[in-house]
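Please look through the model shown below, and then read the short report that follows it.

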Amino acid sequence: MSLFWRIFGLNALVLGVATALLLWAPVTVSVPVLLTEAVVLVGGLAVMLVANAALLRVGLAPLDRLARLMTTVDLLRPGQRLPVTGQGGVADLIRAFNEMLDRLETERATSSARALSAQEAERRRIAQELHDEVGQSMTAVLLELKRAADRTPDQELREELQHAQETTRESLDEVRRLARRLRPGVLEDLGLISALTALAGDFSTHTGLIVRRRFGTDLPALDRERELVLYRVAQESLTNVARHADAERVEVGLRRTDDGVELSVTDDGRGIGLAREGAGIRGMRERALLVGATLEVDSRPGDGTRVRLSVPTEDGEETTEASA
Ligand SMILES: Nc1ncnc2c1ncn2[C@@H]1O[C@H](COP(=O)(O)OP(=O)(O)OP(=O)(O)O)[C@@H](O)[C@H]1O
Ligand SMILES: [Mg+2]
């Protein structure tokens, strides 16, 4: 039934019942109207309005649900759909809306895949340049400083040169660390477990937090894209712990699940509370979508935060053993 006929039908029903009551009930209206008659009429009108409102509410409930979903739908949490009930106008509207969500989710996934792969390519390029250009020239400066320090007879100048050498060496380390963060070469060369171990080690050194690793030994083989998603989510989660959690301990876990692997990063900090998701968490959701993974962020006030990413293996049942 179209929306027009639905509303018309509901109104006709209420008016029909009211007219039937007038026809068969022993009521008369005098001129001028008596007080008791006016009370009966106003009472009748009130009953009609209440009945009409109740019927309209029931009749238009699917539209309310549609409006609610329209205002809350989030393309980064795909799969939210309304059940198509009944036939005609409202059902057509819900069906069209569901189809529009299908299209938008596909487009969103494609465009974020494109953006993320462009971002990875750019990071790789910058990392390469940091390593090849900046790293090389700093190494050259370091050698020159060393040569100058060795040659000068002036003790004071030698100390200054050695100090400059020390500073340059620290900066070189920083550049290398930056390049590693931008392009996790160890991920490509040695695999996920080694990359996560290095990440956790680096994190612990730089933040002073206690990092515990729990990596399963029976993990399934994963392709590069999935490994990179797992790595980047671990990276952002750890960065969030360092920046926001005020925690003492973090646990990074990787375990096998029925259909793939699950990464978890759990801290004992202050919890997310009412904070809104920023670019970091939304970025993790986007990456998760790339490989059909699901991301959950659980947090209880004062009881830390846990980020969990469940990544299915390619065909859902690839279970080749990988060395851990
Ligand atoms: N482990 C955590 N413990 C406590 N609060 C957290 C934690 N992770 C995230 N938050 C809160 O959630 C908010 C959103 O995090 P998100 O990573 O999306 O953005 P951000 O870290 O503020 O910025 P960026 O875009 O640089 O990542 C943070 O501002 C912070 O308040
Ligand atoms: Mg963040």
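Helix 3 and helix 4 run roughly antiparallel to each other, a term kept for angles over 145 degrees, because their packing angle is about 165 degrees. The model is a predicted one, in which local features need pLDDT of at least 70 and side-chain atom pairs count only at pLDDT 80 or more, while totals for chains, interfaces and linings use all residues. Residues are numbered from 1 along each chain as its sequence is written, chains are lettered from A and ligands numbered from 1 in the order in which they are written, and side-chain values use heavy atoms, with hydrogens and water left out.

**Helix packing**

Two packed helices are described by the angle between their axes and the distance between the axes. Here axes are lines fitted to C-alpha atoms, for helices over the stretch in contact, and angles run from 0 to 180 degrees between N-to-C directions. The helices themselves (H or I, at least four residues) and the strands (E, at least two) are DSSP runs, numbered from the N terminus.

| Pair | Angle | Axis distance |
|---|---|---|
| Helix 2 (residues 35-72) and helix 3 (residues 89-151) | about 15 degrees | 10 Å |
| Helix 3 and helix 4 (residues 155-182) | about 165 degrees | 9 Å |

The angle between helix 2 and helix 3 makes them roughly parallel, a term used for angles under 35 degrees. Their contact (heavy atoms within 4.5 Å) is made by Pro62, Leu63, Leu66, Leu69 and Met70 of helix 2 together with Val90, Leu93, Ile94, Phe97 and Leu101 of helix 3. The crossing of helix 2 and helix 3 is left-handed, as is that of helix 3 and helix 4; this means that the near helix is turned anticlockwise from the far one by less than a right angle.

**Charged pairs**

Side chains of opposite charge can pair when their charged atoms come close. Counting a salt bridge as a side-chain nitrogen of Lys or Arg within 4 Å of a carboxyl oxygen of Asp or Glu, the total comes to 24 salt bridges. In one of them, Arg282 pairs with Asp74, with the closest N and O atoms 3.4 Å apart. This pair links distant parts of the chain, since Arg282 lies in helix 8 (residues 279-290) and Asp74 in the loop between helix 2 and helix 3, 208 residues apart.

**Backbone details in loops**

Val31 and Pro32 are joined by a cis peptide bond, with omega at about -10 degrees, and Pro32 is placed in the loop between helix 1 and helix 2. Asp246, although not a glycine, has a positive phi of about 60 degrees, and this residue lies in the loop between helix 7 (224-245) and strand 2 (249-257).

Note on methods. Parallel < 35°, antiparallel > 145°, perpendicular 65-115°, else oblique.
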